[in-house]
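Hello,

Here is the structure I promised to pass on to you. Have a look at it first, and then read on for my notes.

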Amino acid sequence: MKRKPEAQGKAMQQRRKLKIAMIGYGFMGRAHSNAFHQAGHFFDLPFQLNLKVICGRNQTKLEQTAAQWGWEESEADWESVVSRADIDIVDICTPNYLHEPIAVAAAEAGKMVLCEKPLANSVAAAARMAQAARKIPTLVWFNYRRVPAVMFAHQLVQQGKLGEVNHYRAQYLQSWGRSADPTAWRFKPDEAGSGVLGDLLSHSLDLAIWLNGPIHRLCSSIHTFAEGRQVDDAVTLLAEFSNGSIGTFEASRFATGNLNRNCFEINGSTGSLEFNLEEMNHLNFTDLREDASLQGRRKILVTGPGHPYVEHFWPPGHVIGYEHTFTATLVDFLDSVSKGERFHADFADAIEVQRILEAVVASSERRKWIETDRAQSN
């Protein structure tokens with residue numbers, strides 16, 4: 001039952017206001033700002049959100065972003081921002097090398113911490129972040145978990161619809177690497193830490209672990225195609241999962257013709273799933289338990305009754321977009337905070353991804369299979 005407008009107004013007045021500081025203002029800064037604005041338009045939030053202060057290095061761009069997205073203040077010094085008594089949440093969308101110092105400082109100041117992926121540039125740095133934030137709620141923006149079709153795929157896997165899984169395949173393919181600005185921070189190893197490994201493969205690994213469980217061992221090959229570039233342009237790897245299935249992964253910024261092809265396929269004894277972000281409102285499903293005459297790949301439009309988040313966005317059949325994944329991620333985090341429950345993906349989840357990324361690098365350097373040393377803890 002929906003509240004009447006006057007009842008909604010009173011409820012909003014009674015909710016605690018969370019004041020947000022966002023460090024960074026680029027592509028992800030826009031995506032996050034939009035989520036902070038839109039969350040309360042689609043969901044009945046347990047908190048009020050106040051976009052208090054945005055922080056960045058380029059004062060002109062910073063002020064433009066603040067004005068465009070409704071941030072009350074702008075600030076150049078992140079250290080003074082994260083220690084402010086009037087800030088409840090620190091959202092980090094900076095170059096990767098700044099994730100650790102900002103997150104640690106914010107956590108030590110008692111703030112809830114939201115952080116873009118990859119969590120850090122090393123397992124050691126990620127572990128220090130998790131240790132500092134062990135008593136506070138954290139979020140890592142692995143937003144593709146909140147694509148309704150991906151969430152629905154997770155539900156089907158958990159319900160045993162695929163039976164015993166044999167194969168997991170994943171690709172994250174883009175093509176902008178060959179014509180990119182070589183001075184951008186994403187191509188500086190001291191700032192980005194890596195290329196497609198942290199930028200693209202981290203997403204694929206997070207989804208694989210979430211959907212199919214821990215990776216037991218892997219063998220990889222990392223390549224840089226652009227002359228003089230010091231970060232990776234492409235990576236391929238073979239993986240063995242703890243559940244006995246095998247996997248293949250490919251990530252590239254040199255995949256001509258692919259703008260943002262983030263896809264996976266899972267083949268099991270009784271069914272299969274297939275997803276491609278470029279058709280993000282659809283999930284392909286094959287059910288081998290049906291009569292043989294009816295078996296085949298079924299393309300499901302995941303915007304209908306019984307599908308994740310459908311009651312919060314548009315009527316069945318009305319598709320949603322990339323930006324909604326950030327909104328749903330934020331809302332699920334706020335709900336977890338209000339209930340005192342752990343949110344996924346948090347810093348602990350992201351450490352597992354970071355650990356697999358380091359194993360990928362080690363395997364490529366040593367030209368051998370690497371066994372992972374620890375299963376994921378849920």
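In which sense do strand β11 and strand β12 pair, and over how many bridges? Please keep in mind that this is a predicted model. Residues 261-268 make up β11 and residues 271-276 make up β12, and the two pair in the antiparallel sense over 5 bridges. To find your place in this pair, look for Asn267, which stands opposite Ser272 in β12.

Both strands belong to an open sheet of 9 strands with mixed pairing, and the order across it is β14-β13-β12-β11-β7-β10-β9-β8-β15. At the edges stand β14 (298-301) and β15 (370-371); each has a single partner strand, so one side of each is left without a neighbour in the sheet.

Further along the sheet, β7 (residues 165-173) pairs with β10 (residues 246-252) in the parallel sense, over 7 bridges. Gln171 has Glu250 in β10 as its bridge partner. On to the next pair: β9 and β10 run antiparallel and are joined by 7 bridges, with Ala239 partnered by Gly247 in β10. These two strands form a hairpin with 4 residues between them, and in the turn Gly244 has a positive phi of about 95°.

Now for the helices. Helix α7, residues 148-158, lies across β11, β12, β13 (282-287) and β14, and runs at about 20° to β13. Helix α11, residues 347-366, also packs on the sheet, where it touches β8 (215-223), β9 (234-241) and β15. The direction of α11 makes about 60° with that of β8.

Among the residues lining the cavity are Pro148, Val302, Tyr309, Phe313, Trp314 and His318. That lining has 8 nonpolar and 2 polar residues, and no charged ones.

I hope this helps you find your way around. Enjoy exploring!

Best wishes

Conventions
Residues numbered from 1 in each chain as written. Predicted model: local features only at pLDDT ≥ 70, side-chain atom pairs only at ≥ 80, totals over all residues. Heavy atoms only, no water. 1 Å grid on protein atoms, 1.4 Å probe; cavity = no way out; pocket = protein on both sides within 12 Å on 5 of 7 lines; lining within 4 Å. Nonpolar A, V, L, I, M, F, W, Y, C, P; charged D, E, K, R; others polar. Pairing = 2+ DSSP bridges. Contact = heavy atoms within 4.5 Å. Axes fitted to C-alpha atoms, helices over the stretch in contact; angles between N-to-C directions.
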